[in-house]
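The exercises below are meant to be worked through with the sequence and the model side by side. Try each task before reading its solution.

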Amino acid sequence: MAQLYFRYSTMNAGKSLEVIKIAHNYEEQGKRALLFTSELDDRYERGFVASRVGIKKEAIMFNENTSIMNSMNLALSQDPSRIHCILVDEGQFLSHKQVVELTQIVDYMDVPVIVYGLKNDFSNNLFEGSRALLVYADKIEEVKTVCWFCDKKATMILRLVDGKPVYVGEQVMIGGNDNYLPVCRKCYSNPKI
């Protein structure tokens, strides 16, 4: 029986690498996986799930107006072979409606869906997609990484602007290690910069 998985973490925990690895495992077995990623993420190349370690895989881009169900049906019309899994990177950028669509794919089409994304932003607020995933996911799993400054588990994201921590601003600002660091709660409040 298919399920909806939400695997969350801070920045720099290997989420995109996991998406690529899982897609590879399906494809190596002759199974079809559909990959989705947000069009907002342009750090490497749009239309690809890309890892910081340098590998990437083509994906279907979504924005707030994309119907995931229509995208899946379009993929099926282009290639009617069975879809064995849907993988979503940058799941925090999904809308509530898109998460509900993912539940319908799981419940009525019996296709497992695995979503990777951030749980909270740099101000420790939930993203819309993360909130909906926390409500609707059958399984919620944490992808762990280590604090940039100490050896504790990173649970928060520290935003940097010109090398200095900031705690207020627009929720979405795309960036890498130059803008965001994974940190523990203590180092979030008192970063060693």
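**Exercise 1.** Find whether Asp79 is buried, partly exposed or exposed, and then find its salt-bridge partner.

*Solution.* Begin with the accessibility: Asp79 has a relative accessible area of 32% and is therefore partly exposed, since buried means under 20% relative accessible area, exposed over 50%, and partly exposed in between, with a 1.4 Å probe and protein chains only. Next look for the partner, using the rule that a salt bridge is a side-chain nitrogen of Lys or Arg within 4 Å of a carboxyl oxygen of Asp or Glu. Arg32 forms a salt bridge with Asp79, and their closest N and O atoms are 4.0 Å apart. Because Arg32 lies in the loop between α1 and β2, and Asp79 in the loop between α2 (68–78) and β6, the pair ties together parts that are 47 residues apart in sequence. Arg32, at 15% relative accessibility, counts as buried.

Before going on, note that this is a predicted model, in which local features need pLDDT of at least 70 and side-chain atom pairs count only at pLDDT 80 or more, while totals for chains, interfaces and linings use all residues. Residues are numbered from 1 along each chain as its sequence is written, and side-chain values use heavy atoms, with hydrogens and water left out.

**Exercise 2.** Work out which strands pair with β6, and what covers its faces.

*Solution.* Two strands pair if DSSP finds at least two bridges between them. Strand β2 (residues 33–38) runs parallel to β6 and is joined to it by four bridges, with Phe36 standing opposite Val88. Strand β7 (residues 113–118) also pairs with β6 in the parallel sense, over three bridges, and here Val88 stands opposite Val115. Turning to the faces of β6 (residues 85–88), both are covered, for Cys85 and Leu87 on one side and Ile86 and Val88 on the other are all buried.

**Exercise 3.** Describe the dimensions of the protein and the share of buried residues.

*Solution.* The C-alpha trace spans about 55 × 30 × 25 Å along its principal axes. For 193 residues, a compact globule would have a radius of gyration near 16 Å, and the 17 Å of the protein agrees with this; the radius is taken over C-alpha atoms, and the globule rule is 2.2 Å times the number of residues to the power 0.38. Finally, buried residues make up 49% of the 193 residues.

Technical notes:
Helix = DSSP H or I, 4+ residues; strand = E, 2+ residues; numbered from the N terminus.
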